[in-house]
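Here is a short briefing on a structure, arranged by topic. Please look over the sequence and the model first.

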Amino acid sequence: MKFTDIVSPFLAWSRAAKKADTIPYPQKSNPGSDRYRGFHRNDLDKCIGCGRCEEICQNLAIGMVQVEDSQPVKGDSGLRPLVDYGRCCWCALCIDVCSTGSLSLSNSYSWTTYNADTCAYIPGTDEKAWDHTPKGYSQDNSILKWAGSPRVSMPAARPDKRVDSFEEVIRGYSPEQAAIEAARCIQCGLCVTACPAHMHIPEYLRAIADGDYAGAVKLFFDNNPLPEMCGKVCTRECESVCAMGYQGEAIAIRWLKRFACEQFESLSDVLAVDEKPLEQGRGKVAIIGTGPAGLSAAYYLSRMGFEAHVFDKDEEGGGVAQHAIPEYRLPAAGYEKQMDVFRKAGAHFHYGTEVNDADILKMSDDYDAVFIAAGLQKSSEFRIPGVELPGVKHAFYFLMNKPEDGSIDVGARVLVIGGGNVAMDTARTCLRLGSEVVISYRRRIVDMPADEEEIEEAMEESIDFRPQTIPIRIEKAGQRLKYFYAEAEMIDDPNGGRPKPVRKDDIEHGIEIDTVFLAIGQSSDLGFLPEVIAEKMTIQWGEIEVDKDQYTGVKNIYAGGDITPGAGDIITAIADGMRAAKAIRDGGNLIVNLK
Amino acid sequence: MNASTDPLKTTHLFFGPQHPGVTGNMSVEMWFDGDEITKAITHVGYLHRGFEKLMERRLWIQNFPLVCRICVPEPDINEECYALAVEKLDGIEVPERARWIRTLVLELARFAVNLMAFGGQAGTIGLGTGAMWGITFRDFVLDLFEELSGARVYHMYIQPGGVRRDLPEGFEKHVLEVLDKIGKRLPEFDRLILNNSVFKDRTVGVGIVKPEWISELGLVGPVARGSGSGRDVRKDAPYEAYGELDFDVVTEQGCDIYSRALIRRREIDLSMDLIRRILESMPGGPVAAPLPNLTEWRIPPGEIYTRVESSRGEYGYYVVSDGSLKPRRVHVRGPSYVHALTLLERMLVGANIADVSNIMVSLTTCPPEIER
Amino acid sequence: MDKNLQRIISESSFESDTIREDEGYLHVRVSRVHVLELLLSAKQRFDMETLQLISVVDRIEDAVFQLTWILEDSGGTSVFMISADYPRENCTVPTIGDIWPTAILFERELHEMYGIDFPGNPRQNEDFLLEDWRELPPMRRDFDTLEYSLRTYGERRKRTHTDPREYIADSIDEWDTPVPMKDFER
């Protein structure tokens with residue numbers, strides 16, 4: 001035994017004279033570190049109640065609960081997470097997956113309750129001392145990307161190639177791509193709050209992810225008899241509220257709908273519409289217009305056992321949605337596949353039948369209900385000097401006349417005035433016809449009412465955008481036309497409205513063009529309404545006011561689609577048609593005929 | 001009734017499950033004749049929480065906050081084993097920086113455990129000061145973990161695909177500060193424990209692990225290395241960044257408790273050296289690979305056995321996927337499984353009753369990893 | 001070391017499927033009649049001296065238990081794993097406790113957790129983790145943990161919970177579709 005081994009342990013006594021390493025808690029506070037995982041906080045302004053935190057919680061510590069009398073609104077389920085600290089294990093998975101990043105953990109770790117059952121609260125709603133502490137564990141989606149990821153990019157034709165033809169720009173997903181994209185869905189259902197038709201989006205995305213395409217198609221037809229059209233050109237309100245869109249990109253709901261429809265040659269076979277025995281003789285309904293609203297009403301009424309008669313002045317149906325949208329976005333080839341469903345469902349189509357006021361009066365007698373879905377027929381007028389010149393045309397009529405075959409000569413340089421979808425469609429159609437295209441719009445590009453995607457694609461195709469330009473006049477310049485405009489600057493509206501374009505200076509810019517297209521909106525033509533009916537309706541700005549059942553207030557007469565106030569898109573029209581069908585089902589037989 | 005348990009000749013005693021001398025909650029049922037143990041049986045089951053069964057009912061991602069709870073002093077090895085298994089089964093490529101950060105975390109954890117275990121070894125023979133110091137030093141490292149991961153004990157930091165957060169600002173500096181602080185105190189620690197005649201008397205030549213047992217029983221870690229073996233997964237089958245770090249495996253030839261304590265003491269030095277070198281060569285870049293939608297994350301069918309070196313030796317996970325959202329089977333193989341049962345039962349026969357906890361701690365038996 | 005691993009199976013006289021192969025890692029599946037032979041030859045001729053673990057996967061859909069023996073060489077550099085399927089009903093597997101003493105322990109766990117019988121294992125009937133367990137062996141796939149827990153410990157305080165998807169669907173009357181096309185569970 002060494003002598004030093006006996007002595008050396010005693011050197012530890014020297015510690016007695018030194019400062020202790022321990023912290024004298026609670027006399028001295030010991031706050032958690034900057035990243036400490038303590039009690040939850042929830043930023044209620046950001047929380048959308050998607051329930052992702054609850055879904056990922058492995059201990060069932062989080063439960064979504066109703067806060068007061070909250071109801072779902074567009075993009076918010078109204079529910080908020082309640083955290084039970086008798087179960088929480090502080091793993092912070094809920095933080096890292098929170099789709100909006102509203103949930104975070106504070107660095108507070110001390111809270112006492114006298115009963116384990118009350119050791120729970122709704123972060124954000126129940127006020128806590130740590131609600132406003134800046135420190136703690138919060139989401140960093142740039143590292144993990146668990147709260148939102150990029151979508152599977154859609155294969156599309158290259159901009160320099162696609163302008164040569166009217167071939168469809170979007171190529172469609174492959175089954176593998178679709179499965180990956182559909183599996184990104186977190187099944188929160190917020191999209192349903194935004195969809196005018198309240199389609200069963202989470203359910204059909206799950207079906208697509210599982211490879212059950214027929215099941216997905218059946219789910220489409222629950223609330224939407226035109227899924228293929230919507231799969232191509234829907235305004236996709238659903239994607240605008242997608243929980244995955246806050247930190248990443250929204251699920252490509254529209255493209256997945258399109259994908260599922262593309263998997264089948266015939267949709268009527270999938271649905272077995274003609275095999276299903278129908279209840280007969282529930283009544284007769286006249287539908288005016290074969291646009292999305294009319295078709296939707298016709299489909300549901302026929303399937304419910306009504307005799308649906310659809311009238312259209314055109315030689316073929318489909319309405320503005322089918323005819324005004326150019327080939328490269330919505331190929332006409334898909335039209336027949338959809339009409340097949342309606343015919344097999346038992347709807348009667350009367351094409352080339354112009355309905356006038358006398359007909360309407362007669363219909364209200366002969367039919368149990370009339371659904372007016374005539375849509376917008378007229379292109380809005382625009383008043384600047386020179387609009388009467390021969391080279392100045394209405395874009396809407398141009399598109400309706402199927403310009404894809406090249407039968408309309410538009411010249412070498414085309415000007416489109418407007419910033420909506422009609423303007424974009426016209427511009428891109430003219431580009432494909434070989435013209436150089438200029439778009440003149442009064443406000444900024446972000447203010448354009450056209451789909452963002454349309455604008456982007458138009459830009460990719462090198463269309464000359466001239467935003468913030470105020471049209472002054474059009475003059476004749478030899479064989480061509482000359483368009484004069486002034487530059488504008490945006491002035492904020494003191495009343496809180498959107499900024500207004502105001503002419504910046506006195507300088508007039510002029511460009512030479514061959515054709516001017518006016519694309520500043522469409523309006524309805526209610527000339528076919530008999531006076532005796534029209535005077536009982538509320539008509540404002542050329543649109544028929546209806547209640548939530550699409551009921552016009554005139555017995556037996558319902559209206560829907562663009563002829564009624566609303567978003568003016570396809571899916572709203574489809575929802576209108578379905579609502580009218582439901583209202584006719586519920587009350588149609590009881591209504592006493594108007595006399 | 002055989003001689004070793006003859007009630008007329010032997011005393012029958014339960015040691016544990018609640019006893020300060022026992023590591024965790026397990027008990028040793030002993031029969032002894034005078035001071036000498038004639039037979040010992042280890043009883044476990046007091047910490048059985050059914051982790052393996054739970055994991056079969058949880059999503060792949062939900063398991064990574066769960067597995068760390070299998071080991072309190074060194075949770076990161078569980079996270080690492082699980083993450084390695086999932087990554088290999090799903091073919092996930094872990095970013096370079098994440099691999100280095102993981103190595104840093106694993107080494108810091110080993111450093112913390114060895115500080116506590118080295119001091120704890122002294123604690124079992126009544127040298128309480130050593131145990132306290134060990135725990136204090138470990139606490140400095142826990143402060144670092146709190147800063148890095150947001151939690152002191154269950155870090156839940158190493159996740160399949162990488163790590164959850166990048167190193168916080170100034171973290172490297174804080175690590176070096178802690179290393180310096182502890183490094184300065186280590187000579188004092190040595191004087192208290194290693195150069196202590198009491199400690200030497202109680203540990204040298206006590207608790208012999210014969211070298212031939214190593215292969216026979218599959219002994220690993222400090223227990224094997226204290227008996228001359230060079231087994232160390234960090235060297236034998238390098239994972240993460242260990243392949244790029246050059247170091248010598250620490251071995252001792254004494255086969256006794258003192259050798260194992262010495263191994264832990266030398267491991268502390270090795271860890272400090274490795275941590276410094278890891279910080280020096282830390283690459284830049286992302287720290288996590290992208291994962292699919294976590295609630296729809298399916299892993300292709302497959303089976304894998306992953307192993308890492310914990311402070312107690314080789315730690316393995318056998319993970320089976322059947323292509324569903326949840327693991328089919330996760331089998332955790334901790335080093336204590338054999339150390340605390342087969343080896344301990346064998347070592348205790350003939351040992352003095354006063355040395356039981358001393359021997360047990362020298363094996364750092366950890367019941368949670370036996371019971372899962 | 002990989003060559004050594006390859007030789008274990010290439011020099012055996014029977015068929016084997018490779019489940020996974022890697023640097024210093026080989027996992028094979030063999031018929032259960034060859035398991036003992038392969039284990040012995042791996043230990044005696046190829047330096048696979050250490051038995052690390054015996055594990056079981058309950059493949060209830062195929063009515064088999066897949067047993068896996070995990071071996072390591074004395075240096076710890078390579079892993080050799082052998083898997084074989086055994087019928088699930090009255091599952092009996094030969095013990096290897098006389099080859100590796102640790103197997104007695106591993107088999108004891110499997111006996112308790114899966115009810116697999118290892119005839120010849122002297123300690124397999126000792127309680128390992130569970131005391132007086134009279135239920136179905138708990139690690140079997142058909143053992144319902146939730147049902148057991150409710151029956152034994154009773155239900156914990158009710159948890160408040162509303163599913164956002166159902167809440168949205170109900171409040172906007174989404175399911176009132178005129179012609180439901182697909183029946184599915186909500």
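Which residues does Gly283(A) touch, not counting residues up to four places away in sequence? They are Phe306(A), Glu307(A) and Asp368(A). The model is predicted.

- Gly283(A) sits in the loop between helix H13 (267-271) and strand E7 (284-288) of chain A.
- The relative accessible area of Gly283(A) is 15%. Buried means under 20%, so this glycine counts as buried.
- Ile539(A) is 256 residues from Gly283(A) in sequence. Their C-alpha atoms are 28 Å apart in space.

**Helix H12 of chain A**

- Helix H12 (residues 253-262) of chain A is largely enclosed by the rest of the structure, because 9 of its 10 residues are buried.
- The buried residues of H12(A) include Trp255(A), Leu256(A) and Phe259(A).

**Where chain A meets chain C**

- Chain A brings 48 residues to the contact, and chain C brings 23 residues.
- The two chains bury about 3,000 Å² between them. Carbon and sulfur atoms account for 58% of that area.
- The interface of chain A and chain C holds 1 salt bridge. Its partners are Arg165(C) and Glu203(A), at 2.6 Å from N to O.
- There are 5 residue pairs in polar contact between chain A and chain C, both residues being at pLDDT 80 or more.
- Several elements of chain A each supply at least two residues to the side that touches chain C. Among them are strand E2 (62-66), strand E3 (79-84), helix H8 (201-209) and helix H22 (570-587).
- H9(A) gives the most to this side, with 6 residues.
- By class, the side of chain A that touches chain C has 21 nonpolar, 15 polar and 12 charged residues.

**The E6–E7 hairpin of chain B**

- Strand E6 (residues 302-310) of chain B pairs with strand E7 (residues 313-321) of chain B in the antiparallel sense, over 9 bridges.
- E6(B) and E7(B) form a hairpin with 2 residues between them.
- All of E6(B) is covered: 9 of its 9 residues are buried.
- In a regular strand the side chains alternate between the two faces of the sheet.
- Both faces of E6(B) are covered. One side includes Ile304(B) and Val308(B), while the other includes Tyr305(B) and Arg307(B).

- Glu309(B) lies in strand E6 of chain B, and its bridge partner in E7(B) is Glu314(B).
- Glu309(B) has a relative accessible area of 2%, so it is buried.
- The side chain of Glu309(B) makes a polar contact of 2.9 Å with the side chain of Arg225(B).
- A polar atom of the Glu309(B) side chain also lies 2.9 Å from the backbone nitrogen of Val233(B).
- Other residues that Glu309(B) touches include Ile77(B), Arg110(B), Arg231(B) and Tyr239(B).

- Strand E1 (residues 17-22) and strand E2 (residues 25-29) of chain C run antiparallel, joined by 5 bridges.
- Asp17(C) has Arg29(C) as its bridge partner in E2(C).
- E1(C) and E2(C) form a hairpin with 2 residues between them.
- In the turn, Gly24(C) has a positive phi of about 65 degrees.

Terms used
Residues are numbered from 1 along each chain as its sequence is written. Chains are lettered from A and ligands numbered from 1 in the order in which they are written. This is a predicted model: local features need pLDDT of at least 70, side-chain atom pairs count only at pLDDT 80 or more; totals for chains, interfaces and linings use all residues. Side-chain values use heavy atoms; hydrogens and water are left out. Contact means heavy atoms within 4.5 Å. Buried area is the accessible area (1.4 Å probe) that two parts lose on being put together, summed over both. A salt bridge is a side-chain nitrogen of Lys or Arg within 4 Å of a carboxyl oxygen of Asp or Glu. A polar contact is a pair of N or O atoms within 3.5 Å; within protein, one must be able to donate a hydrogen and the other to accept it, and residues adjacent in sequence count only if both atoms are side-chain atoms. Helices (H or I, at least four residues) and strands (E, at least two) are DSSP runs, numbered from the N terminus. Ala, Val, Leu, Ile, Met, Phe, Trp, Tyr, Cys and Pro count as nonpolar, Asp, Glu, Lys and Arg as charged, and the others, Gly among them, as polar. Buried means under 20% relative accessible area, exposed over 50%, partly exposed in between (1.4 Å probe, protein chains only). Two strands pair if DSSP finds at least two bridges between them.
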